[in-house]
Amino acid sequence: MNGHHFLKRLFCAVLAGALLFPGQALAAGYLPMEEAEAAMAAITNEIIEEEVSMAAAITPGVDLPVKSAVLMDQGTGAVLYAENEDVKLPPASITKIMSLLLIMEAIDSGKIALTDKVTCSDTASGYGGSQIWLKPGEEMTVDDLLKAAAISSANDATVCLAEYVAGSEAAFVQLMNDKARELGMTNTTFQGATGLDSDGHLTTAKDIAIMSRALLEHPLILNYSTVWMETLRGGETQLVNTNRLVRFYQGATGLKTGTTSGAGSCLSATATRDGLGLIAVVMGADTSDHRFAAARSLLDWGFANFMKAALVPPENILPVPVTGGVETQVEVTCLPPEGILIEKGKKEAITQDVILPESVAAPVEEGQELGTIAVCVDGERVAEYPILAASGVERMSFGKALGILGRTLIAMG
């Protein structure tokens, strides 16, 4: 028996024992996850080499082993690859991306804090599926619950947080659906906060990419989604990230796995290299290996074919004439984006066109937008950024005109 199969059997045996004999699993108070997590953490080079080979053999658009997929640019939201992207499917625990997004918003707004202590309810305790075996009345900080939810996909921790933010899971689910509509996720309906299979709990690969992008706008999530191993309860409970790409894919930033009998194996995998952030979503793979290989293949394809090109504003942009002002012209400055998404090999095809009015009327405020720079690739506009007034120019008045005249006469002697 090779190492790959041994580890898989060990993990399954430990997990089955925990599910079949929860009383024994809780004899010491918590699920004894060390053996299972050791199996997950001890992923061999053989396993990863097999995954890399499988990914290299996959051709997006030809034989991607999933029901639907999307590759999205994190910076712009542009879809770089899509396959059945609007087909509604059960998302399993990828659902938690929306749950985590709402929790991040609650933290950013000051509604809750990482140090807040949350008491586990009867509902959250023993919720089912992946869990950290919270007991009714047990207290845990928001920070620790986030670790459990984001790293090991714990359902009980997720429901604890949902109840803390909204009062009940049902109220939280309403917030999830409201947020989905706000983000333009037109093919999504959430029925729960965790992703357990439920009638009508459906979304799409494209919608998952949209909410993944929204979650990544909160840098705090990277404190959790990029962690490979962590502990809770003073080291008594160990966590291992369910997304092995976090450890074994260059530039990985997260984001969330999901597996149920109804959904199959799903993954929203995110990574950043050289300023280019990509979001690869795969849904409905028949095995976990296939989902990781498919996501890896999409990310590899994206990084191989696209890049983030830095923009340097055109030199010697002339000042803009000012009419009716105490100054006759105003200097300008530019605010270029960090970079633009282009196909590799197209850097020399980038052109920047300066678009400015013949003049601007006073008053002019510092930072006022006066024009734009249009960025084109092969003549097609792909982006634009503003040209701003470098300083303010007041409107000319009779009093200011007399003052200027007086100073001029004095200077002339």
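Me: Why is the pair E384 and R381 called a salt bridge?

Reply: The model is predicted. In it, the closest N and O atoms of E384 and R381 are 2.8 Å apart. The cut-off is 4 Å, between a side-chain nitrogen of Lys or Arg and a carboxyl oxygen of Asp or Glu, so the pair qualifies.

Me: What makes E384 and R381 partly exposed, rather than buried or exposed?

Reply: E384 has a relative accessible area of 46%. R381 has 47%. Buried is under 20% and exposed is over 50%, so both residues fall in between.

Me: How many salt bridges does the whole structure have, and which residues are joined into one network?

Reply: The search finds 12. Salt bridges that share partners join E51, R244, D289 and R296 into one network.

Me: How do you know that E51 and R296 form a salt bridge, and which parts does the pair tie together?

Reply: Their closest N and O atoms are 2.7 Å apart, which is within the 4 Å cut-off. E51 sits in helix α4 (residues 45–57). R296 sits in helix α12 (residues 288–305). The pair therefore links parts that are 245 residues apart in sequence. Both E51 and R296 are buried.

Me: Where do E182 and K179 lie, and what makes them a salt bridge?

Reply: Both are in helix α8, 3 residues apart, about one turn of the helix. The closest N and O atoms of E182 and K179 are 3.0 Å apart, and the cut-off is 4 Å. In an α-helix, residues three or four places apart point the same way, because a turn takes 3.6 residues.

Me: Are E182 and K179 buried or exposed, and how do you know?

Reply: E182 has a relative accessible area of 59%. Exposed means over 50%, so E182 is exposed. K179 has 10% relative accessibility. Buried means under 20%, so K179 is buried.

Me: What angle does helix α5 make with helix α8, and what is that arrangement called?

Reply: The axes of α5 (residues 96–108) and α8 (residues 169–182) cross at roughly 95°. They come within 10 Å. Angles of 65 to 115 degrees count as roughly perpendicular, so α5 is roughly perpendicular to α8.

Me: Which residues make that contact, and of what class are they?

Reply: On α5 they are M98, S99, L101, L102, I103 and E105. On α8 they are F172, L175, M176, K179 and A180. By class, the contact has 8 nonpolar, 1 polar and 2 charged residues.

Me: What makes strand β1 mostly covered?

Reply: Strand β1 (residues 68–73) has 6 of its 6 residues buried, each under 20% relative accessible area. S68, V70 and M72 point one way. A69, L71 and D73 point the other way. In a regular strand, side chains alternate between the two faces of the sheet.

Me: How do you know that β1 pairs with β9 and with β2?

Reply: Pairing needs at least two bridges. β1 and β9 (residues 276–285) have 6, in the antiparallel sense. There, D73 stands opposite L278. β1 and β2 (residues 79–83) have 4, also antiparallel. There, the bridge partner of A69 is E83. The hairpin of β1 and β2 has 5 residues between the strands, and G77 takes a positive phi near 80°.

Me: How do you know that β5 and β6 pair?

Reply: Strands β5 (residues 229–232) and β6 (residues 237–240) run antiparallel and are joined by 4 bridges. M229 stands opposite V240. They form a hairpin with 4 residues between them, where R233 has a positive phi of about 55°.

Me: Why do β12 and β16 count as edge strands?

Reply: The open sheet of 3 strands has the order β12-β11-β16, with mixed pairing. β12 (329–330) and β16 (360–361) each have a single partner strand, so one side of each lacks a neighbour in the sheet. β11 (residues 320–323) and β12 pair antiparallel over 2 bridges, and P321 stands opposite Q329.

Me: What makes helix α6 mostly covered?

Reply: In α6 (residues 142–152), 9 of the 11 residues are buried. Among them are V142, L145, K147 and I151. Just after α6, S153 takes a positive phi of about 60°.

Definitions and conventions
Residues are numbered from 1 along each chain as its sequence is written. This is a predicted model: local features need pLDDT of at least 70, side-chain atom pairs count only at pLDDT 80 or more; totals for chains, interfaces and linings use all residues. Side-chain values use heavy atoms; hydrogens and water are left out. Axes are lines fitted to C-alpha atoms, for helices over the stretch in contact, and angles run from 0 to 180 degrees between N-to-C directions. Angles under 35 degrees count as roughly parallel, over 145 as roughly antiparallel, 65 to 115 as roughly perpendicular and the rest as oblique. Contact means heavy atoms within 4.5 Å. Ala, Val, Leu, Ile, Met, Phe, Trp, Tyr, Cys and Pro count as nonpolar, Asp, Glu, Lys and Arg as charged, and the others, Gly among them, as polar. Buried means under 20% relative accessible area, exposed over 50%, partly exposed in between (1.4 Å probe, protein chains only).
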